[in-house]
Amino acid sequence: MSNKLFEASMKSLKRTKDITPIPDRSFDITINQHQVKATLGETLLSVLLATDHKRIMSNDHQRHSGAYCGMGVCHCCHVKVNEQFKQRACQTLVQPNMVVETLSNRFAEEGIK
Ligand code: FES
């Protein structure tokens, strides 16, 4: 990817679905190469939903789905967090400088069939 293309893809995502405003002590995390404001104590799933990410998971059969239970049971919210595949977004608290990829698929990325 050229530098100009990369810089263009790094623009910030707007949080448009928050019920209450996020506090001032927010920090940036990266979701799909976009900077997003997040705050300590919230889950990654809340940030994904606030930025209108509904289909966040690609399963082993390349089918896309989104969070279902929101409490760690269904495993329908797997995302790649800091190079670790299959992290449950609903059970992951955001941390500064976290790098998240939605729709990642370990089998596809590692060439496993
Ligand atoms: S939404 Fe069910 S485990 Fe995360």
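**Strand pairing and nonpolar core of the predicted chain**

Strand 5 and strand 6 pair in the antiparallel sense, with three bridges between them, in a model that is predicted. The bridge partner of H78 is R88 in strand 6. These two strands, strand 5 and strand 6, form a hairpin in which two residues lie between them, and N82 in the turn has a positive phi of about 45 degrees. On strand 7, E101 is the bridge partner of K80, and the pairing of strand 5 with strand 7 is likewise described by an antiparallel sense, over two bridges.

A second hairpin is formed by strand 1 and strand 2, with two residues between the strands, and here N32 takes a positive phi near 50 degrees. Strand 1 and strand 2 pair in the antiparallel sense over six bridges, and V36 in strand 2 is the bridge partner of I29. The pairing of strand 1 with strand 7, by contrast, is in the parallel sense and runs over two bridges; T30 has V99 of strand 7 as its bridge partner.

Taken together, these pairings belong to an open sheet of five strands, which is mixed and has the order 2-1-7-5-6. Strand 2 and strand 6 (84-88) are the edge strands, each pairing on one side only. From one strand to the next, the twist averages 40 degrees.

In the chain as a whole there are three helices and seven strands, and the pattern read along the sequence is α-β-β-α-β-β-β-β-β-α. The C-alpha trace spans about 45 × 40 × 20 Å along its principal axes. For 113 residues, a compact globule would have a radius of gyration near 13 Å, and the 14 Å of the chain agrees with that value. Of the contacts between residues at least 6 apart in sequence, 40% join residues that are at least 24 apart.

Burial was examined next. Of the 113 residues, 27% count as buried, and the largest nonpolar core has 20 residues, those with the most contacts inside it being L44, L45, V47, C77, V79 and A89. Two or more residues of this core are given by each of strand 1 (26-31), strand 2 (34-39), helix 2 (44-50) and strand 5 (78-81). Helix 2 provides the largest share of the core, six residues. When residues up to four places away in sequence are not counted, L45 touches A67, G70, C77, A89 and C90. In soluble globular proteins, nonpolar side chains tend to be buried together.

The average pLDDT is 88, and 91% of the residues score at least 70. Among the elements, the highest mean pLDDT, 97, belongs to strand 7 (residues 99-101), whereas helix 1 (residues 3-9) has the lowest, 57. Where pLDDT is low, the predicted coordinates should not be read in detail.

Methods: Residues numbered from 1 in each chain as written. Predicted model: local features only at pLDDT ≥ 70, side-chain atom pairs only at ≥ 80, totals over all residues. Core = buried A, V, L, I, M, F, W, Y, C linked by C-beta atoms within 7 Å. Buried ≥ 20, exposed ≤ 12 C-beta atoms within 10 Å, placed from the backbone. Helix = DSSP H or I, 4+ residues; strand = E, 2+ residues; numbered from the N terminus. Contact = placed C-beta atoms within 7 Å. pLDDT = per-residue confidence, 0-100. Pairing = 2+ DSSP bridges. Axes fitted to C-alpha atoms, helices over the stretch in contact; angles between N-to-C directions. Rg over C-alpha atoms; globule rule 2.2 N^0.38 Å.
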